[in-house]
Amino acid sequence: MLTLASRVDVMNRLGRAMADPTRSRILLSLLDAPGYPAELARELDLSRTNVSNHLACLRGCGLIVASPEGRRTRYDVADPHLARGLRQLLEAVVAVDEGVACAEDGCECCAPANSAEVAQ
């Protein structure tokens, strides 16, 4: 059974889940429709093992739920409020200072190739 978590815990879980590009891609896919590991792997061009590991992390963060369906397992976003919130986040405009590097070494979120995408 899912339990309520503190606001900080929720933010940390969301941050951990969305910090990884593969987990973000899986979440985006599950926002569109429920998914199955083999189909997600094929759709996202990933290995089944990779998808399974990321699904386990997303479940551990409490963001998705698994429902057995015979020999398969269906994955869904855990709560309609979460799905609605993620959709709203996708509409947010992010203020990025061009030419200012990210403070974290090796970070690719601020790379010039992504600047055009963020501005759109």
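Visitor: Why is Ile-64 called buried?

Guide: Happy to start there, and please keep in mind that this is a predicted model. Ile-64 has a relative accessible area of 3%, and buried means under 20%, so Ile-64 counts as buried. Ile-64 lies in strand β1, residues 64-69.

Visitor: What does Ile-64 touch, leaving aside residues up to four places away in sequence?

Guide: Ile-64 touches Leu-27, Leu-30, Leu-55, Leu-58, Arg-59, Tyr-75, Asp-76, Val-77 and Ala-78. Leu-82 is 18 residues from Ile-64 along the chain, and their C-alpha atoms are separated by 9.6 Å.

Visitor: What makes Arg-72 and Glu-39 a salt bridge?

Guide: The closest N and O atoms of Arg-72 and Glu-39 are 3.3 Å apart. The cut-off is 4 Å between a side-chain nitrogen of Lys or Arg and a carboxyl oxygen of Asp or Glu, so Arg-72 and Glu-39 form a salt bridge. This pair links distant parts of the chain: Arg-72 sits in strand β2 (residues 72-77) and Glu-39 in helix α3 (residues 37-44), 33 residues apart. Side chains of opposite charge can pair when their charged atoms come close.

Visitor: How do you know that Arg-72 and Glu-39 are partly exposed?

Guide: Arg-72 has a relative accessible area of 42%, and Glu-39 is at 33%.

Visitor: How many salt bridges does the structure hold?

Guide: The structure holds 4 salt bridges.

Visitor: What makes Glu-69, Arg-74 and Asp-76 a network?

Guide: Let's take the pairs in turn. Arg-74 and Glu-69 meet in a salt bridge at 2.6 Å, N to O. Asp-76 forms a salt bridge with Arg-74, with 2.8 Å between the closest N and O atoms. Both values are within the 4 Å cut-off, and the salt bridges link Glu-69, Arg-74 and Asp-76 in a network.

Visitor: Which of these residues are partly exposed, and which is buried?

Guide: Arg-74, at 24% relative accessible area, is partly exposed, and Glu-69, at 31%, is partly exposed too. Asp-76 has 17%, and the limit for buried is under 20%, so Asp-76 is buried.

Visitor: Which residues have the most contacts inside the largest nonpolar core?

Guide: Ile-26 and Leu-63 do, in a core of 22 residues. Two or more residues of this core come from each of α1 (7-18), α2 (21-32), α3, α4 (48-60), β2 and α5 (80-90). Not counting residues up to four places away in sequence, Leu-63 touches Arg-13, Leu-14, Ala-17, Leu-27, Leu-58, Asp-76, Val-77, Ala-78 and Leu-82. In soluble globular proteins, nonpolar side chains tend to be buried together.

Visitor: Why are α2 and α4 called roughly perpendicular?

Guide: The axes of α2 and α4 come within 10 Å and cross at roughly 80 degrees. The range from 65 to 115 degrees counts as roughly perpendicular, so α2 is roughly perpendicular to α4. Thr-22, Arg-23, Ile-26 and Leu-27 of α2 make the contact with Asn-50, Val-51, His-54, Leu-55, Cys-57 and Leu-58 of α4.

Visitor: How do you know that Thr-22 is buried?

Guide: Thr-22, found in helix α2, has a relative accessible area of 15%. With buried set at under 20%, Thr-22 is therefore buried. Thr-22 touches Leu-46, Asn-50 and His-54, residues up to four places away in sequence not being counted.

Visitor: What makes α3 and α4 roughly perpendicular?

Guide: α3 and α4 pack at an angle of about 115 degrees, with their axes 9 Å apart. Roughly perpendicular covers 65 to 115 degrees, and α3 and α4 are therefore given that label. The crossing of α3 past α4 is right-handed. Here Pro-37, Ala-38, Leu-40 and Ala-41 in α3 meet Arg-48, Val-51 and Leu-55 in α4.

Key
Residues numbered from 1 in each chain as written. Predicted model: local features only at pLDDT ≥ 70, side-chain atom pairs only at ≥ 80, totals over all residues. Heavy atoms only, no water. Helix = DSSP H or I, 4+ residues; strand = E, 2+ residues; numbered from the N terminus. Buried < 20%, exposed > 50% of the residue type's maximum accessible area, 1.4 Å probe, protein only. Core = buried A, V, L, I, M, F, W, Y, C linked by side-chain atoms within 4.5 Å. Contact = heavy atoms within 4.5 Å. Axes fitted to C-alpha atoms, helices over the stretch in contact; angles between N-to-C directions. Parallel < 35°, antiparallel > 145°, perpendicular 65-115°, else oblique. Left-handed = near helix turned anticlockwise from the far one by under 90°.
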